[in-house]
Amino acid sequence: KKRGNIYLSGAGPSAWHEEYPVAKGKRQSPVDINTNKTKFDPKLAADPLTIRFSDSCCQSIVNTGISFQVTSNGAGCELSGGPLDSTYQFAQFHAHWGAYLKTTGSEHTVDGVSYPAELHLVHWNTKYDDFKDAVDKPDGLAVIAVFFKRGKEHPGFGKIQDLFSKIPAKGAKVNIDFEFNPGLLMPPDSENYWTYLGSLTTPPLYESVTWIVMKEPLEVSVEQIAILRTLLWETPNGVSQMYNNFRPPVPLRDRVIRASFG
Ligand SMILES: CC[C@H](C)CCC(=O)Nc1ccc(S(N)(=O)=O)cc1
Ligand SMILES: [Zn+2]
């Protein structure tokens, strides 16, 4: 369907419910993390989150039309412990970001405050046969969210950004022929996180995600935030720079966000 851009066609995210009624569901994402209402859960600290990445797990990078996506076969990249009851395998990472000189961009917010961008590292539950089988199950996916904040340059992420010029349009894809360990994209302290049951933040908005939102942001340079916008996407007015590819927070409903820290 030449519906083009899910963020810019029609009324954008506020209209997604017309085609995807689950958009108004009980466990949608992203949400605002009100730190006065989160609940420390000692069980999360007792069974620490184990995040394993490898140097050889990133195969290619593609322009999905709504973000970049670094895709992995998941070899040696697994997530377990913390809120998770089984082992999840790494599938891909991508990001969401805002416009020039704006403070919005992240999907989750903390006490109502946005970050300029948010990275998502998507994992699928290995109790299912593959990603596609897991993607719509209530315990199917686990996504680590890492906020980006403006600060010192992050050379590792820069190596991924150097590939953006090779994927100028939706569907463009190139192989990653250097070693890139996604662990580089974890903040220095990845012990402190919030977790809650939510959904994909883009259609089909499946309520299949255990979210693990890192408390500490990752520093990238202001230039690197700007380079995100050099990716291109289709808009109703033709091809233009990709930005504001984020869904704003939706109601928490009957959920409590747990913290791994006191
Ligand atoms: C038919 C379904 C299709 C295969 C699903 C493809 C997919 O992976 N979608 C996806 C993944 C992650 C996020 S997020 N932004 O991390 O919540 C949002 C959407
Ligand atoms: Zn995402």
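A: Let's begin with a term: strands are DSSP runs of E with at least two residues, numbered from the N terminus.

Q: Good to know. What confidence does the predictor give to the chain and the complex?

A: Where pLDDT is low, the predicted coordinates should not be read in detail. Here the chain has a mean pLDDT of 96, and 99% of its residues reach 70 or more. For the complex, the predictor gives an ipTM of 0.98 and a pTM of 0.98.

Q: Back to the loop, then. Is serine 208 buried or exposed?

A: Serine 208 is buried, because its relative accessible area of 0% falls under the 20% cut-off. Its side chain reaches the backbone oxygen of valine 135 at 2.7 Å. Leaving aside neighbours within four places in sequence, the residues in contact with serine 208 include Ala134, Asp136, Arg27 and Leu200.

Q: Which backbone features should I look for in loops?

A: Most residues other than glycine have a negative phi, and most peptide bonds are trans. In the loop between strand 12 and strand 13 you will find proline 204, joined to proline 203 by a cis peptide bond with omega of about 10 degrees. Leucine 205 is in the loop between those strands too, and its phi is positive, near 60 degrees. Leucine 205 counts as buried, since its relative accessibility is 0%.

Q: Where else do a cis peptide bond and a positive phi turn up?

A: A cis bond joins serine 29 and proline 30, with omega of about 0 degrees; proline 30 lies between helix 1 (16-19) and strand 1 (32-33), in the loop. Arginine 253 has a phi near 55 degrees and sits in the loop between strand 16 (238-241) and strand 17 (258-259). With a relative accessible area of 45%, arginine 253 is partly exposed.

Q: And the metal: which residues coordinate the zinc ion (ligand 2), and what geometry does its site have?

A: Ideal angles for four tetrahedral donors are 109.5 degrees. In this model, His94 (NE2), His96 (NE2) and His120 (ND1) coordinate the zinc ion (ligand 2) at 2.0 to 2.1 Å. The site has four donor atoms, and the angles among them run from 101 to 114 degrees, so it is tetrahedral, as all lie between 85 and 135 degrees. Along the chain, the donors follow the spacing H-x1-H-x23-H. Histidine 94 and histidine 96 are both buried.

Conventions
Residues numbered from 1 in each chain as written. Chains lettered and ligands numbered in written order. Predicted model: local features only at pLDDT ≥ 70, side-chain atom pairs only at ≥ 80, totals over all residues. Heavy atoms only, no water. Donors = N, O, S within 2.8 Å, 3.2 Å for Na, K, Ca; no water. Tetrahedral: all angles 85-135°; square planar, octahedral: opposite > 155°, others 65-115°. Buried < 20%, exposed > 50% of the residue type's maximum accessible area, 1.4 Å probe, protein only. pLDDT = per-residue confidence, 0-100. Polar contact = N/O pair within 3.5 Å; in protein donor to acceptor, adjacent residues only side chain to side chain. Contact = heavy atoms within 4.5 Å. Helix = DSSP H or I, 4+ residues; strand = E, 2+ residues; numbered from the N terminus.
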